[in-house]
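Trainee: I have a model open and would like to learn how to read it. Can we go through it feature by feature?

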Amino acid sequence: MATYTGENGKVSVGADSAGQTTVAEVRSWTVEHTKDVIEDTVMSDAARTFKSGLHQFTGSMECIYDDTTAQLALGAFQPDTDTALRVEFYPNDGAGKKFAGNVIVTSVSRTASFDDLVTVTVNFQGTGPLNTDAFNT
C-alpha cells in the first residue's frame, strides 16, 4: 500500500496542457469526486434499484495570494470571469497519481493576518472528467 504526502500542486491558466501558465502557489487542496445514481425502481420490485450516472468533481484550494502574477491580475480567481483554469494536484513527489482537470471558479475568499501571508481560498466546480492518471516526475 502506497502512502502519500501532500506537498505538490499547481494551478494553470489554459484549457489544455499546451501553453499553460502557472498562476498560484498552492498551500493545501481538497478534491471530491462523486457519482450520481439514478433510481430505476418500478412497482413490482421488492427493493429499490439504481443505475450508475454521471460523475463530477468539486474542490477547494488555498493559495498564497500574489497579484503580481499576470494572470491573477487579469482575474483568474474571479468568479465573474470565464478564465479557463486547470488544476493539477500531486499527492506525492515522485511516482504515483495526479488529480487534474479543468475547473470553473465558484467562489473566492481572501484571508489576511498580521503574522502570515495573505492567502486566497478558491472553490471550484470541475468541468469534464477528473483525470487520475499516474505520473512520473
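Trainee: What share of the 137 residues of the protein chain counts as buried?

Mentor: Buried means under 20% relative accessible area, exposed over 50%, and partly exposed in between, with a 1.4 Å probe and protein chains only. Here 28% of the 137 residues count as buried. This is a predicted model: local features need pLDDT of at least 70, side-chain atom pairs count only at pLDDT 80 or more, and totals for chains, interfaces and linings use all residues. Residues are numbered from 1 along each chain as its sequence is written, and side-chain values use heavy atoms, with hydrogens and water left out.

Trainee: How many helices and strands does the protein chain have?

Mentor: Helices (H or I, at least four residues) and strands (E, at least two) are DSSP runs, numbered from the N terminus. The chain has 1 helix and 8 strands. Along the sequence the pattern reads β-β-β-α-β-β-β-β-β.

Trainee: Which residues have the most contacts inside the largest nonpolar core?

Mentor: In soluble globular proteins, nonpolar side chains tend to be buried together. A nonpolar core is a set of buried Ala, Val, Leu, Ile, Met, Phe, Trp, Tyr and Cys residues joined through side-chain atoms within 4.5 Å. The largest one here has 15 residues, and Val 11, Met 61 and Phe 77 have the most contacts inside it. Two or more residues come from each of β3 (50-64), β4 (85-90), β6 (99-111) and β7.

Trainee: How many aromatic pairs does a search of the whole structure find?

Mentor: A pair of aromatic rings is described by the distance of the centres and the angle of the planes. Rings of Phe, Tyr and Trp (its six-membered ring) pair if their centres lie within 6.5 Å; planes under 30 degrees apart count as stacked, over 60 as edge-to-face and the rest as tilted. The search finds 1 pair. Trp 29 and Phe 99 form it, tilted, at 6.1 Å centre to centre and 50° between the planes. Trp 29 lies in β2 (residues 21-39) and Phe 99 in β6, so the pair ties together parts 70 residues apart in sequence.

Trainee: Is Thr 119 buried or exposed?

Mentor: Thr 119 is buried, because its relative accessibility is 5%. Thr 119 lies in strand β7.

Trainee: And Pro 129: where is its place?

Mentor: Pro 129 sits in the loop between β7 (119-126) and β8 (134-135). Pro 129 is partly exposed, with a relative accessible area of 45%. Contact means heavy atoms within 4.5 Å. Beyond neighbours within four places in sequence, Pro 129 is in contact with His 55, Phe 57, Ala 100 and Gly 101.
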